[in-house]
Amino acid sequence: MNTNTHANEIDAFLRQLFPIPRSLTGDGNRDTLRILQEIIPLEIIEYPSGTPVYDWTIPDEWIIHDAYIKKPNGERVIDYSECNLHAVGYSMPINKTMVFDDLAPRLHMLESNPEAIPYRTTYYSRDWGFCVTKKQYEELESFSDPLEVCIDSEFDTNGAMVIGELQIPGETDKEFLVSTYVCHPSMANDNLSGILTAAFLARDLLQNGTPRCSWRFIFVPETIGAIAYLYHNETEMKGIRGGLVVTTCGGRGPLGFKESYLGNDLIDRAIRQAFKDRSIEPICYPFAPDGSDERQYSSPGFRIPMASITRDKYYEYSQYHTSLDNLEFVTGKQIKESLNMYRDVVNILDQNLFYCSTTPYGEPQLGKRNLYPSTGGAINQQGAAVSTNHGELDAITWLLFLADGEHDLLAISERSGLRFSVLQQVAGRLVEAGLVESVSARLTV
Amino acid sequence: MNTNTHANEIDAFLRQLFPIPRSLTGDGNRDTLRILQEIIPLEIIEYPSGTPVYDWTIPDEWIIHDAYIKKPNGERVIDYSECNLHAVGYSMPINKTMVFDDLAPRLHMLESNPEAIPYRTTYYSRDWGFCVTKKQYEELESFSDPLEVCIDSEFDTNGAMVIGELQIPGETDKEFLVSTYVCHPSMANDNLSGILTAAFLARDLLQNGTPRCSWRFIFVPETIGAIAYLYHNETEMKGIRGGLVVTTCGGRGPLGFKESYLGNDLIDRAIRQAFKDRSIEPICYPFAPDGSDERQYSSPGFRIPMASITRDKYYEYSQYHTSLDNLEFVTGKQIKESLNMYRDVVNILDQNLFYCSTTPYGEPQLGKRNLYPSTGGAINQQGAAVSTNHGELDAITWLLFLADGEHDLLAISERSGLRFSVLQQVAGRLVEAGLVESVSARLTV
Amino acid sequence: MNTNTHANEIDAFLRQLFPIPRSLTGDGNRDTLRILQEIIPLEIIEYPSGTPVYDWTIPDEWIIHDAYIKKPNGERVIDYSECNLHAVGYSMPINKTMVFDDLAPRLHMLESNPEAIPYRTTYYSRDWGFCVTKKQYEELESFSDPLEVCIDSEFDTNGAMVIGELQIPGETDKEFLVSTYVCHPSMANDNLSGILTAAFLARDLLQNGTPRCSWRFIFVPETIGAIAYLYHNETEMKGIRGGLVVTTCGGRGPLGFKESYLGNDLIDRAIRQAFKDRSIEPICYPFAPDGSDERQYSSPGFRIPMASITRDKYYEYSQYHTSLDNLEFVTGKQIKESLNMYRDVVNILDQNLFYCSTTPYGEPQLGKRNLYPSTGGAINQQGAAVSTNHGELDAITWLLFLADGEHDLLAISERSGLRFSVLQQVAGRLVEAGLVESVSARLTV
C-alpha cells in the first residue's frame with residue numbers, strides 16, 4: 001500500500017520549508033506549522049515561557065534579527081542571513097569589536113569537514129557563538145585588526161513554545177502516537193524529512209476513511225517539546241499503545257530501523273513485518289537511550305514503546321548536523337520511499353485484528369464455498385477451476401488454523417511467512433464467507 | 001526397544017492389501033479393516049451416508065464395478081481392473097462414445113513423469129475422469145475415430161463410511177491418539193505403510209502388558225473420516241493429550257519428522273529424544289496446516305498436538321500420488337525401521353514418569369547401597385568392585401538430582417544428554433533401592 | 001576492584017598449609033583451620049563421630065601415625081612421612097609381612113603418569129592400600145622376598161569432624177554462601193587454592209566495611225561435611241540466595257566457570273558480568289551433578305544455586321589427584337588472579353541494587369546539574385566544559401532510563417554493555433544529585 005503522495009509535492013514543501021529558521025521557540029516554528037496546515041488540519045498550541053514542565057521550564061522565546069562578523073573594512077565575512085546555522089542556537093545578544101584571538105573560543109568549525117558549517121546550540125546556558133566553515137575560520141584568523149561581532153537577538157519572557165497536534169479518532173480507543181521534531185533550522189534530513197513524512201502519513205490516514213485505531217500526530221521541539229506535551233497530556237499519554245518517532249528518513253542511504261526499548265514489541269514486529277513484506281533488510285539499530293524523543297515517551301513514567309524508520313539515521317551520515325545536510329542530499333523521491341514503509345507499518349498496526357473461526361471443530365468445507373480446488377490429489381492444484389490460487393489457499397488454511405482469537409494477523413503473518421496484506425485481504429473474503437469473524441465484531445454481538 | 005514384528009510379516013500384509021481399491025467409502029475399505037483385524041482386534045464402525053458432521057456431510061457410498069476406454073476396434077486401452085488409479089476417485093457413471101478431443105479434458109496425465117498413472121479424486125464435486133500414463137494418452141490421441149468410454153459406478157445414498165477403532169486402556173486416564181488414513185487406493189507408501197505401521201504398533205502395545213497411559217488407534221478416511229470421528233467423540237477427543245498421524249513411512253529415503261503445531265510439545269520432544277537416542281538426524285518439517293489429519297485434530301476447537309514420523313513424506317518423493325508408489329518402492333524392512341522409531345516414541349510417552357527423591361536433603365549415600373565405587377579419588381572409578389558402571393552412575397546422579405517431582409524422565413534425558421532407556425532402567429533400580437518414588441505412586445499413598 | 005592481598009602473602013600460607021595431612025577428620029584439619037584463623041576469625045565447630053546427618057553418619061575420626069613398606073633389608077621403600085598421599089585415605093591398620101603378589105592388589109599406581117603418586121580414599125568401606133609411583137611399584141615388584149607392610153592407624157569413635165564457619169552479617173537479610181572443602185591432603189590446586197581464595201575473599205569483605213548482604217563462609221570436608229553443615233543449619237540454609245563453591249583455582253591454565261544448576265541464575269549472571277568486565281572469556285562448564293558440594297547445596301531439598309570459578313578445574317588437568325598437584329604447579333600470583341575474579345563477583349552480588357528515578361516522567365534536566373555538556377549539537381560533546389565524559393554520560397542515561405525499580409545494576413549492565421563498576425559509581429553520583437534512590441532506601445522512608 002503506497003502513499004497517495006507524489007515525490008514532487010514533497011519536493012515543493014522541502015523547498016518552502018528548508019530556509020525557515022527553526023529553534024525551540026520563535027516565529028520560524030510558527031511559520032513551519034502554518035505551512036504544514038496546508039497538508040493537514042494541524043492544531044497549533046502555545047506553551048508560555050516560564051511554565052514548569054516536570055523537571056524543566058519552557059524557555060524564553062528566542063528572537064534573532066541578525067548576526068554577523070564584519071572584517072575591518074566593514075564587509076560581512078559571516079552573515080546569518082545567508083545561513084541560519086551561523087549563529088549558535090539561543091545565542092544571547094552581543095555587539096562588540098574584538099581581535100580574532102578573543103573571538104576564537106566562540107567559533108565552531110569542523111576540521112574533518114572543512115566545507116561544512118556545523119550546527120550548535122546553547123539552549124540552557126546563556127552564551128553565544130558562531131558556526132563557520134574552515135575557510136571562513138581561516139579568513140577571520142588572517143585579520144590582525146579587530147573584527148565587529150554582532151548577534152542581534154533577544155529573549156522574550158512573555159513568549160511561548162509552539163507545537164502542532166492532530167488527533168485522528170478511530171473506531172476503537174486503542175491509540176498510537178506519531179511524533180516528529182520541528183526545532184532544527186536549515187537541515188534537510190534532520191529533520192525536514194521527518195516533518196514532511198509525518199505530515200503526509202497523517203494525510204494518507206485521513207484520506208483513507210476512519211481508521212480502526214486512534215492516531216495522534218505531534219510536531220514538537222525535541223526534548224523540551226516532548227516533555228511539555230507529556231506534561232500537558234499525562235493521563236492520555238499513559239494510555240498510548242506505542243508509536244513512531246519520525247526522524248532523518250530522507251537521505252540516500254539504505255533504510256534503517258531503531259528498535260523500541262522493548263525490542264520485540266508490537267511496534268517492532270510491525271516494522272519488521274513491513275520490511276519483510278517489501279523484501280528489504282533494514283540496518284537495525286538496537287535501542288539505546290540516546291537519539292530522539294523515544295527517550296521521553298519511553299521514560300519510566302510512561303514506557304511507551306517507540307521506534308523509528310530512518311534513511312541515513314542521525315549520527316550515521318557525514319553531513320549530520322551541518323550545512324551539508326541540504327536539498328542536494330535529500331529529495332522527495334527518497335522521502336516517499338520512507339513514507340511508503342511508514343504507511344505499511346501504520347496499516348499493520350491499525351488493521352491487526354484477531355479472528356475467530358465460526359467452524360472451529362475440524363476444517364470447514366472450502367470446496368462447497370468455491371474456496372478449494374474441486375479435483376483432489378494433485379499437489380499444486382494446477383488447472384483447477386477455482387477462484388483461489390495456491391498462495392491464497394495457503395493464506396486461507398493458515399488463517400483458519402490460527403483463527404482462535406489468540407492470534408492477530410501480524411502473528412499469523414509471522415508464523416506462516418505470508419505477507420500481511422495477503423492475509424488482510426483473505427481475512428476479508430473469509431469474513432464475507434461467514435467462516436471467521438473478527439473478535440471485536442463477535443464481542444459487539 | 002525394537003518392535004516384535006518381522007519384516008516378512010509386514011511384506012505379506014503389504015502384498016495382500018496393496019491391490020484393494022480404497023476410497024472415502026466402499027467395500028475396499030471394509031475389506032482393508034477386516035484384514036487388519038488379523039493383526040489387532042479392531043472395532044469397525046459405520047457412519048451412514050448423509051449424516052452431518054460439523055461443516056461436512058458423510059458422502060454417499062461410491063461403488064465402482066468397472067471402468068475402461070475402448071479403442072475403435074473394441075480393445076480396452078485403459079482398464080480399471082488393471083489399476084484402480086485409472087478411474088478418478090468418486091467418478092460418476094458415464095457410458096458414451098466420444099472423440100478424443102472431447103475426452104481430453106477428462107484425462108489426467110503427468111508430462112513430467114510419463115510412466116506414471118496419477119492419482120486424482122473428485123470427492124465433493126460430481127464429475128468423472130481417467131488417469132493415464134503419457135504413453136496411454138498418446139495412444140488415445142492417435143485415434144481419430146470415436147472411443148467407447150465407460151465408468152460403471154453408482155452412489156448409494158443408503159451406504160456408509162467405515163472406520164476402525166482400537167482403544168487400549170492404560171493405568172491412567174492420560175490418553176494419546178494414533179491416527180492413520182485408509183482412503184487411498186493402490187499406493188504403497190501413501191498410505192499402506194502408515195496403515196501397517198499403526199496396526200503393528202498397536203499390536204506391540206497390546207503384547208507388552210497394560211500400558212501406563214491409554215492409547216486410541218483409529219483408521220479413518222482422510223479429512224472427512226477424521227472430522228466424522230471427532231464429531232462422534234467430541235468430549236473424549238478434547239481430553240486427548242497428543243498424538244501421532246502415521247503416514248508415508250515406508251519409502252527408501254531418510255526418516256523425517258513433521259512437528260506438531262506447537263513445535264516443542266511433549267510429542268515433539270519425545271520424537272526428538274527417540275531420534276537422538278538412535279543417533280539419527282531426521283529431516284525436520286516444521287508444522288504447516290497442510291498435510292494430513294493433524295489439520296483436523298489440531299483445529300481451534302480441539303488443538304490436539306499431532307506429529308508424524310515419515311520416510312519419504314507425502315509431497316516429497318517423485319512417486320507421490322502415482323502408480324509408481326508401489327511395492328518396488330516400499331518394503332517390510334523399511335517399514336520396520338519406522339515402526340521401531342514409533343515404538344520408541346510410544347515408550348517415551350507412555351513411561352515418562354516424574355520421580356521424587358526420598359532423601360532430598362543432600363545426596364543419599366550410594367556406597368552403602370552398592371551403587372557407588374568404594375575407592376574414592378579416581379575419576380573413572382576403574383577397577384571398582386561395584387555393580388554400577390560409569391554411565392549408570394551418571395544416570396543415577398542426574399536422576400537423583402532432578403527427582404523433585406518437577407522433572408519427568410524426558411526432561412531428565414534432555415537435560416543430561418543420557419538415553420531415555422538408560423534413565424528408565426536406572427529409575428527402576430532406584431525405586432527398588434527406595435531412593436526415589438514415582439510421583440503417582442507417592443500420591444496413591 | 002582488586003583484592004587487598006599480595007601474592008607473596010598467599011605463597012607463605014601455601015607453604016605452611018601444603019604439608020599438613022587433611023582428611024574427612026583428624027588433627028590435620030584442626031591445624032588447617034587454626035592457621036586460617038590467622039587470616040579471618042573463623043569459628044571452629046566439631047560434629048561428633050557417629051552423629052546421623054540425613055542419610056549419612058559422621059565417621060569415626062581417622063588417626064594415622066605412620067605408614068610404610070619396607071624392603072627385605074629393612075629400608076623403607078614407601079614412607080608416609082615423605083608424602084601423605086602414600087596411604088590410601090582412611091586405611092585401617094595393618095602390620096604384616098607379605099610377598100609382592102599378595103600386596104599388589106592394594107597398590108595404586110598410574111601407568112599413564114609414572115612420576116605421580118595417585119590420591120585414593122576408602123572412606124566408607126573398611127580397607128587399606130598404598131599409593132605409589134610407577135618406579136616404586138616396579139622396585140617393590142623386584143623383590144621376591146616378603147615385604148614388611150605397615151599402616152599404623154586407628155579409628156576414634158569418640159572423635160569428631162571439624163569444620164570452620166565465618167558469618168559476616170550485612171545490612172540486609174539477603175544471604176550468600178561461600179563454601180570450600182578442606183579434606184584433601186597435600187595437593188595444592190585441589191584444594192589449597194580454594195581454601196586460601198575463600199579465606200582471603202572473606203578478609204577482603206571484612207576489611208571493606210559492613211556489606212549490604214550477609215555472607216557465610218564455610219570450610220568443610222567435601223560431601224559429608226557439606227551434608228553435616230546443611231543438617232545442622234537446615235532452616236537458615238533454605239534461605240540462602242545462592243553461592244560459590246571455591247575449588248581448584250590456582251593452576252596455570254585459563255580461568256573457568258562452572259555454571260549453577262539453573263544456568264542463568266543471578267550467580268551465573270554475576271560471574272559472566274565479572275568476566276566480561278575484565279575482558280576474559282572463561283572456559284564454560286555447564287552444570288552436571290558431579291564435581292563438588294554444589295551437589296549437596298543444590299539438591300532437591302535446598303536448591304541453592306552454586307557456581308565455581310576455577311583455574312585448572314578438577315578433572316581437567318593432568319596433575320589432578322596426584323602428588324604432582326604441588327607448589328610448582330600452584331602459585332600465589334595465580335591464586336590472586338582468581339581471587340580478583342571472585343572479589344568482583346562478590347561485589348556485584350553484594351552491591352546489585354535496584355534504583356528508582358525521582359523524575360520518572362521524561363528525562364531530568366542534566367544540564368542544570370552539571371551532568372551534561374552545555375553546547376548541544378555535537379555528537380561527541382568534545383570540548384564541553386562539564387565534569388561528565390562520554391562513557392559516564394552513557395552510564396547516566398542508561399541508568400536513568402532503567403531506574404524503574406525493576407532493573408538492578410546487573411541487569412542495567414547486561415542491557416547497556418557498560419561495566420558494572422562504572423554503573424555502580426554513576427549510581428552513587430545520581431543518588432547524590434537526588435535523581436535516583438535505591439529502592440530499599442525508598443522503602444525505608
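Trainee: In this predicted model, how many bridges join strand 13 of chain C to strand 16 of chain C?

Mentor: Strand 13 covers residues 242–246 of chain C, and strand 16 covers residues 306–311 of that chain. The two strands run parallel. Strands of a sheet pair through backbone hydrogen bonds, either parallel or antiparallel. The number of bridges joining strand 13 to strand 16 of chain C is 2.

Trainee: Which residue in strand 16 of chain C stands opposite Leu244(C)?

Mentor: Strand 13 and strand 16 of chain C are joined by bridges, and this position gives an example of residues facing one another across the pair. The residue of strand 16 that stands opposite Leu244(C) is Ala307(C).

Trainee: Which strands of chain C stand at the edges of the open sheet?

Mentor: The open sheet has 8 strands with mixed pairing, in the order 1-10-12-11-13-16-14-15. From one strand to the next, the twist averages 25°.

Trainee: What angle does the direction of helix 8 of chain C make with that of strand 16 of chain C?

Mentor: Two helices that pack on the sheet may be described in turn. Helix 2 (residues 27–36) of chain C touches strand 1, strand 10 (160–168) and strand 12 (214–220), and its direction makes about 20° with that of strand 10 of chain C. Helix 8 (residues 266–277) of chain C touches strand 13, strand 14 (255–258) and strand 16 of chain C. The direction of helix 8 makes with that of strand 16 of chain C an angle of about 30°.

Trainee: Which residue in strand 9 of chain A is the bridge partner of Glu61(A)?

Mentor: Strand 4 (residues 61–70) and strand 9 (residues 147–156) of chain A run antiparallel and are joined by 9 bridges. Within this pair, the bridge partner of Glu61(A) is Asp156(A).

Trainee: Which residue takes a positive phi in the hairpin of strand 4 and strand 5 of chain A?

Mentor: Strand 4 of chain A is also joined by 3 bridges to strand 5 (residues 76–79) of chain A, and these two run antiparallel. In this pair, Tyr68(A) stands opposite Asp79(A). The hairpin has 5 residues between the strands. The residue with a positive phi, near 95°, is Gly74(A).

Trainee: Is the crossing of helix 1 of chain A with helix 10 of chain A left-handed or right-handed?

Mentor: Helix 1 (residues 7–17) and helix 10 (residues 332–350) of chain A pack at an angle of about 115°, with their axes 8 Å apart. Residues of helix 1 including Ile10(A) and Leu14(A) meet residues of helix 10 including Ile335(A) and Lys336(A). By class, this contact has 4 nonpolar, 2 polar and 3 charged residues. The crossing of helix 1 with helix 10 of chain A is right-handed.

Trainee: How is helix 12 of chain B placed relative to helix 13 of chain B, and what word describes that?

Mentor: The axes of helix 12 (residues 409–416) and helix 13 (residues 420–432) of chain B come within 9 Å and cross at roughly 125°. Because of that angle, helix 12 of chain B is, relative to helix 13 of chain B, oblique.

Trainee: How many charged residues belong to the contact of helix 12 of chain B with helix 13 of chain B?

Mentor: In helix 12, Leu409(B), Leu410(B), Ile412(B) and Ser413(B) meet Phe420(B), Leu423(B), Gln424(B) and Ala427(B) in helix 13 of chain B. These residues divide into 6 nonpolar and 2 polar. The number of charged residues is therefore none.

Trainee: Which helix of chain A supplies the largest share of the side that touches chain C?

Mentor: In this contact, 24 residues of chain A meet 21 residues of chain C. Helix 6 (224–232) and helix 9 (294–297) of chain A each supply at least two residues of that side. The side of chain A has 13 nonpolar, 7 polar and 4 charged residues. The largest share, 3 residues, comes from helix 6 of chain A.

Note on methods
Residues numbered from 1 in each chain as written. Chains lettered and ligands numbered in written order. Predicted model: local features only at pLDDT ≥ 70, side-chain atom pairs only at ≥ 80, totals over all residues. Axes fitted to C-alpha atoms, helices over the stretch in contact; angles between N-to-C directions. Helix = DSSP H or I, 4+ residues; strand = E, 2+ residues; numbered from the N terminus. Parallel < 35°, antiparallel > 145°, perpendicular 65-115°, else oblique. Contact = placed C-beta atoms within 7 Å. Pairing = 2+ DSSP bridges. Left-handed = near helix turned anticlockwise from the far one by under 90°.
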